[in-house]
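Me: I would like to know how the terms used for this protein model are decided. Please set each value against its definition.

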Amino acid sequence: NQKHSNCTENIIPTGFSRLDGIVSLSKGDLAVIAARPAVGKSAFVGNLAVRFSMSGYTTALFSMEMSEAQILDRIMSSVGRIPHNFLAKNNIEGKYDNELGRAVSYVFSKSKLYIDDRSCQTVRDIKRKAIKAKADVIIIDYLQLMRSSRKYESKVNEVAEITRDLKIMAGDLNAVVILLSQLNRDVEKRTVPRPMLSDLRDSGSIEQDANSIIFLSKTDPNDANSDILADVAKNRSGSVGQVVFSFDRNIQTFAETNERYEHKPQGNNYHRHRVY
C-alpha cells in the first residue's frame, strides 16, 4: 500500500523530542493547540514555525492578532537570544546589533517562512495563500478570529464550518495544519486549572475534526514565570501524554525539561520529578 509505505515520510517532526515521542504530526493532519489568554500559545507556535522552517519545511504562519513586525520581533528575540523588550520598543541602542544581525541573516537565508498578518481571514483566503507559498506546514493564530464563508446565527455553527474546512484543506494540500484556539473560562474556576476537552471554546467540532489536541497551561497558575505544561489530550495516531516546558519569557523561547507534572491536592499543585 503506497500510503503506508510513505507514512514516515509524511511525518513532520516539531524538533521537540519528548513531544514528538507522544504525537506525530502527519501531512493531512489538523492539530489544535489550545490555551487561555496570556499562557504563551503564540510564542509557542512561533518557536514551532522557526523549527519547521529551519528543518526545510516551508511554513506559512497566519496571525490574525499580531502584526508581521511583532511576530518577527519575537522570532528574532528567540533565535538571537535577545531580550524581547529591547526589540519590542525598538530600543536596541547598538547593544545587540551583532546578535540581531546574525539572527536576521540566519532566519532569512536558511528558513522557508511565510508570514501573513491580515485579520479576519476565511479558510479560502488561507488556502489560496498556502498553495502559492507551497506550504508544508500551515499555522493559524487563531480560530476565534477567523471568519466563515457565509453568515451563521450561531458561533458554534460558524466554528464547525471552519474546522471542517481546515481539516479538508489539510488533506487537499497534503500539509500539516496547526490551529490555535482559545479555551473558555471554565478552566479558571477549577481548583486545579487544567484544561479538558469540554473547555474548547464555541464548539465540539474542534474535538471531532482534530487529529490531535494539545493544551498549554501554567504548571503553577500563581507564578508569572511558571513552566508550561503541554498536555496531549487527544491523539488519533498514538497515546496521550504530557511534556513540561520551561518558557523564558525574556527571549520568548520554549525548551523541553526532564520534569514530570504531577498534581498534588494539598499545597502547591506542581511537584518536580526528574524523568530519565
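Predicted model: local features only at pLDDT ≥ 70, side-chain atom pairs only at ≥ 80, totals over all residues.

## Values and cut-offs

Me: Why does F245 count as buried?

Reply: F245 has 0% relative accessibility. Buried means under 20% relative accessible area, exposed means over 50%, and partly exposed is in between (1.4 Å probe, protein chains only).

Me: How many aromatic pairs does the structure hold, and what makes F44 and F245 an edge-to-face pair?

Reply: There are eight aromatic pairs in the structure. In one of them, the ring centres of F44 and F245 are 5.4 Å apart and the planes are at 80°. Rings of Phe, Tyr and Trp (its six-membered ring) pair if their centres lie within 6.5 Å; planes under 30 degrees apart count as stacked, over 60 as edge-to-face and the rest as tilted. Both values for F44 and F245 meet the cut-offs, so the pair is edge-to-face. F44 is in helix α4 and F245 in strand β8 (residues 241–248), 201 residues apart. Helices (H or I, at least four residues) and strands (E, at least two) are DSSP runs, numbered from the N terminus.

Me: Is F44 buried or exposed, and what makes its pair with F254 edge-to-face?

Reply: F44 has 1% relative accessibility, so F44 counts as buried. The ring centres of F44 and F254 are 5.1 Å apart, with planes at 80°, so this pair is edge-to-face as well. F254 is in strand β9 (residues 253–256), 210 residues from F44. At a relative accessible area of 2%, F254 is buried. F16, F44, F245, F247 and F254 form one aromatic cluster.

## The core

Me: Which residues touch the most other members of the largest nonpolar core?

Reply: They are L19, I33, F44, I139, I178 and L216, in a core of 45 residues. Helix α4 (residues 41–54) gives the most to this core, with seven residues. A second, separate core of 30 residues includes V32, I138, A175 and L183. A nonpolar core is a set of buried Ala, Val, Leu, Ile, Met, Phe, Trp, Tyr and Cys residues joined through side-chain atoms within 4.5 Å.

Me: How do you know that the buried residues of α8 line one face of the helix?

Reply: In α8 (residues 123–133), the buried residues are V123, D125, I126, K129, A130 and A133. Seen down the axis of α8, they fall within an arc of 155°, so they line one face. The arc is that of the directions from the helix axis to the C-beta atoms. On the other side of α8, R124 and K132 are exposed.

## A buried serine

Me: Why is S148 called buried, and what makes its link with E158 a polar contact?

Reply: The relative accessible area of S148 is 6%, under the 20% cut-off, so S148 is buried. S148 lies in the loop between β4 (137–141) and α9 (155–173). The side chains of S148 and E158 are joined at 3.1 Å. A polar contact is a pair of N or O atoms within 3.5 Å; within protein, one must be able to donate a hydrogen and the other to accept it, and residues adjacent in sequence count only if both atoms are side-chain atoms. A polar atom of the S148 side chain also lies 2.6 Å from the backbone oxygen of R150.

## Loop residues

Me: Why is C120 called partly exposed, and why does K134 count as exposed?

Reply: C120 has a relative accessible area of 39%, which is between the two cut-offs, so C120 is partly exposed. K134 has 68% relative accessibility, over 50%, so K134 counts as exposed. C120 is in the loop between β3 and α8, and K134 is in the loop between α8 and β4. C120 has a positive phi of about 50° although it is not a glycine. K134, also other than glycine, has a positive phi near 55°.

How values were computed:
Residues numbered from 1 in each chain as written. Heavy atoms only, no water.
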